[in-house]
Amino acid sequence: MASKDVLAKFKAIVGEEDYWDQPADLALYSFDSSVENPVLPEVVVRPESTEEVAAICKLCYDNDIPLVTRGSGTNLAGSTIPVSGGCVLLLTKMNKILEINTDDMYAVVQAGAITLDIANAVKEAGLFYPPDPGSQKMSTIGGNVAENAGGLRGLKYGVTKDYLMGTKFCDMEGNIVIGGGKTVKLCTGFNLTGLMVQSEGQLGVMTEFILKLVPPPKAAKSMLVSFKDIIDAGNTVSGIIRGHVLPATMELMDNFTIKTVHEATGVELPTEAAALLLIEVDGHPAVVEEEYAIVQKVCAENNGEIKLANTAEEREALWEGRRKSLSSLARLRPTLVLEDATVPRTKIPDFLQALDDMRKKHNLEIGTFGHAGDGNLHPTILCDKRDEEEMKRVHACVADMFAAALKLDGTCSGEHGIGIAKQAFMVDEVGEGTINYMKAIKRGVDPKNLLNPHKQAI
Ligand SMILES: Cc1cc2nc3c(=O)[nH]c(=O)nc-3n(C[C@H](O)[C@H](O)[C@H](O)COP(=O)(O)OP(=O)(O)OC[C@H]3O[C@@H](n4cnc5c(N)ncnc54)[C@H](O)[C@@H]3O)c2cc1C
């Protein structure tokens, strides 16, 4: 419990309007987008500069107060639930785009900047920031880096880590640390930028980033491909990759998700199809045509029926349908358990078959959609957290999903992170030695274990 004196010091750092210690306000930061149980923090602060962040870290360090960094709280793994109470540090006021350099093709942004705001500003400047998580209208770039967020374009363009050139962050003793920089090549010291990616708020509080930008593609072709059998859709994904075509996106929706999205949003989708693939090839116009021809051939071999988006509006409607998958499914039952187990992409058909077996074995409703081209599906279990018997089946099903993914050389988390939700499964994937190494890093930079304690393996 922080003393009144220490609470007054928090207030002095950020000012009255960015300080909260009353239960009604604290409750807003007790939960995130996961299904984990809420826990109240003791105090919430919203700094507006790196210096203020450093002062908050030092105050927490000197007084043994746990610190949970929070962007928009859209993570799906319980990563921002303040399990040990303490201080929640909100980054949402540090939301500025500080520089877009079109000659050297980078942007400097504060950690609380919203992902879509960055992408739009970069687009206006004539360049491209590709990572586009489904939550991009809400998520912060700090949360994206801390979770190494992926998105619909991950297959061809990569994920957040592939666009991170540098970061500024604070450690718990209040030191301001610089990783990386504005040059394409940089070999000074350890790769601290890489270390901070995927660190889930456990190794420091990041306040600024230097992001790599790329030229936008000159042309694109978007299409919706419907299948009568979901395994054919899986084989199409593998076939296109084997044909050495990397579409910008290759997203899957199963029949349950198609129908739900159509009913919830009115988006025109073939509700009778067993599965859909949304595919976009982009790049130089000649390459787009060449790749489209290969996609057409593979789709035909696997009984897929192609409908091309002819206008920008038709294209946007396709992607909007996919982006609304999660919110549409969420209307059906009180609780959604959305997983992101991921397999090597050629193993998608095996994973789809395993998911179908699990649905029957555990007698659960599962909507499956996701980034099939990355091997990253989002099987989403519809359930009710208050029904203990059903939740037992849900937990058993989730354990089966991870076991199936690992058996296929996959991972428990393709993009959502471990948080508190998947801790139990981590050791099966990486082994004790790796967990011990991570613990040693954590002890080294956060000896009092104050930064996001109880997360991941610690
Ligand atoms: C509808 C919906 C769709 C989604 N789609 C995708 C998707 O397509 N791809 C994907 O990868 N994820 C997706 N997500 C998950 C989530 O949006 C991402 O993990 C996102 O990166 C979290 O950003 P945030 O700002 O909300 O971070 P938060 O949830 O606030 O924080 C996430 C983690 O990052 C840490 N953190 C946040 N900011 C900082 C910082 N500045 N310094 C240090 N640590 C920090 C926190 O402590 C926490 O551990 C989706 C979520 C929802 C609800």
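User: Where is Asn452 placed?
Analyst: Asn452 lies in the segment that follows helix H16 (432–445). Please keep in mind that this is a predicted model. The phi angle of Asn452 is near 45°, which is a positive value in a residue other than glycine.

User: Is Asn452 buried or exposed, and why?
Analyst: Asn452 counts as buried because 31 other C-beta atoms lie within 10 Å, and the threshold for that label is 20 or more.

User: What about His454, where does it lie and what is its phi?
Analyst: His454 lies in the segment after H16. Its phi is near 70°, again a positive value in a residue other than glycine.

User: Is His454 buried or partly exposed?
Analyst: His454 has 18 C-beta neighbours inside 10 Å, so it counts as partly exposed.

User: Changing topic: how is the protein chain divided into domains?
Analyst: The chain is divided into domain 1 (4–90), domain 2 (97–212) and domain 3 (219–407). The centres of domain 1 and domain 2, taken over C-alpha atoms, are separated by 22 Å. Their contact takes 16 residues from domain 1 and 20 residues from domain 2.

User: Which elements give two or more residues to the domain 1 side?
Analyst: Those elements are helix H3 (50–62) and E3. H3 gives the most to this side, with 8 residues. By class, the side of domain 1 that touches domain 2 has 8 nonpolar, 7 polar and 1 charged residues.

User: Now the ligand. How many residues surround it, and which are the closest?
Analyst: The ligand is surrounded by 36 residues, and the closest are Gly71, Gly142, Gly143, Ala146 and Gly201. Strand E3 (67–70), helix H5 (141–147) and strand E9 (205–212) are the elements that give two or more residues to this shell. H5 gives the most, with 5 residues.

User: Which domains does the shell draw on, and what classes of residue are in it?
Analyst: At least three residues of the shell come from each of domain 1 (4–90) and domain 2 (97–212). By class, the shell has 10 nonpolar, 21 polar and 5 charged residues.

User: E9 came up just now. What sheet is it part of?
Analyst: E9 belongs to an open sheet of 5 strands in the order E5-E6-E9-E7-E8, with antiparallel pairing. The edge strands are strand E5 (97–101) and strand E8 (176–180), each of which pairs on one side only. On average, neighbouring strands of this sheet are turned by 10° against each other, direction ignored.

User: How many bridges join E6 to E9?
Analyst: Strand E6 (residues 106–110) is joined to E9 by 5 bridges, and the two run antiparallel. Within E9, Leu211 is the bridge partner of Ala107. Helix H4 (residues 115–124) packs on the sheet and touches E5 and E6, with its direction at about 35° to that of E5.

User: And the sheet of 7 strands, what is its order?
Analyst: That open sheet has the order E13-E10-E12-E11-E15-E16-E14, and its pairing is antiparallel. Its edge strands are E13 and strand E14 (335–338), each pairing on one side only. From one strand to the next, the twist averages 20°.

User: What does E10 pair with?
Analyst: E10 pairs with E12 in the antiparallel sense over 9 bridges, and 4 bridges join E10 to strand E13 (residues 305–308), also antiparallel. Strand E10 (residues 219–227) is mostly covered, since 7 of its 9 residues are buried.

User: How many bridges join E11 to E12?
Analyst: E11 and E12 are joined by 6 bridges and run antiparallel. Ala275 in E12 is the bridge partner of Asp254. H11 packs on this sheet, touching E10, E11 and E12, and its direction makes about 55° with that of E10.

Conventions
Residues numbered from 1 in each chain as written. Predicted model: local features only at pLDDT ≥ 70, side-chain atom pairs only at ≥ 80, totals over all residues. Near = placed C-beta within 6 Å. Nonpolar A, V, L, I, M, F, W, Y, C, P; charged D, E, K, R; others polar. Domains from an automatic or database assignment. Pairing = 2+ DSSP bridges. Axes fitted to C-alpha atoms, helices over the stretch in contact; angles between N-to-C directions. Contact = placed C-beta atoms within 7 Å. Buried ≥ 20, exposed ≤ 12 C-beta atoms within 10 Å, placed from the backbone.
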